[in-house]
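Hello,

Here is the structure we talked about. Have a look at it first, and then read on for what turned up.

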Amino acid sequence: NPAGNWNRTLVASDSSNPLNTTIVDPDKDTVNVEAWWEDDGTKHKSLLRGKPRVKGGVFETVRYLDGEDEDVLVCESKFLPSEFESSSSSFKHGSVLWKFRRVA
């Protein structure tokens, strides 16, 4: 991770009562995180808000085990720019898909 090491623990409730908390991220920014489990506890979704460097944009992440290979953790991440930022802002919509394979 270019921003440094960041140990993560996936803690959340179901979608009807999401967990809301404040954390300090690897950049030392204090941000708000909302997280919950979906699809009968098989998908973990989180929204990270309040990062000053992206002027109000939201990072949305979904993590789940691959349906064809349960040794693969899939992580879909999107950046959603703030609706209040001008269209000329340097912060545009973006997405990335990571796949992590468990090694024994």
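Glu 34 counts as buried at 17% relative accessibility (buried is under 20% relative accessible area, exposed over 50%, partly exposed in between, with a 1.4 Å probe and protein chains only). This is a predicted model, where local features need pLDDT of at least 70, side-chain atom pairs count only at pLDDT 80 or more, and totals for chains, interfaces and linings use all residues. Residues are numbered from 1 along each chain as its sequence is written, and side-chain values use heavy atoms, leaving out hydrogens and water.

Glu 34 sits in strand 3, residues 30-38 (strands are DSSP runs of E, at least two residues, numbered from the N terminus). Its side chain meets that of Arg 49 in a salt bridge of 2.9 Å, N to O (a side-chain nitrogen of Lys or Arg within 4 Å of a carboxyl oxygen of Asp or Glu). Arg 49 lies in strand 4, so the pair ties together parts that are 15 residues apart in sequence. Arg 49 is partly exposed, at 34%.

The structure holds 10 salt bridges. Another one joins Asp 27 and Lys 51, with the closest N and O atoms 2.8 Å apart. Lys 51 is buried at 9% relative accessibility, while Asp 27 is partly exposed at 26%.

Arg 102 also forms a salt bridge, with Asp 71, at 3.1 Å between the closest N and O atoms. Here Arg 102 is exposed at 55%, and Asp 71 partly exposed at 36%. Finally, salt bridges with shared partners join Asp 25, Asp 27, Asp 29, Lys 51 and Arg 53 into one network.

Best wishes

Notes:
Helix = DSSP H or I, 4+ residues; strand = E, 2+ residues; numbered from the N terminus.
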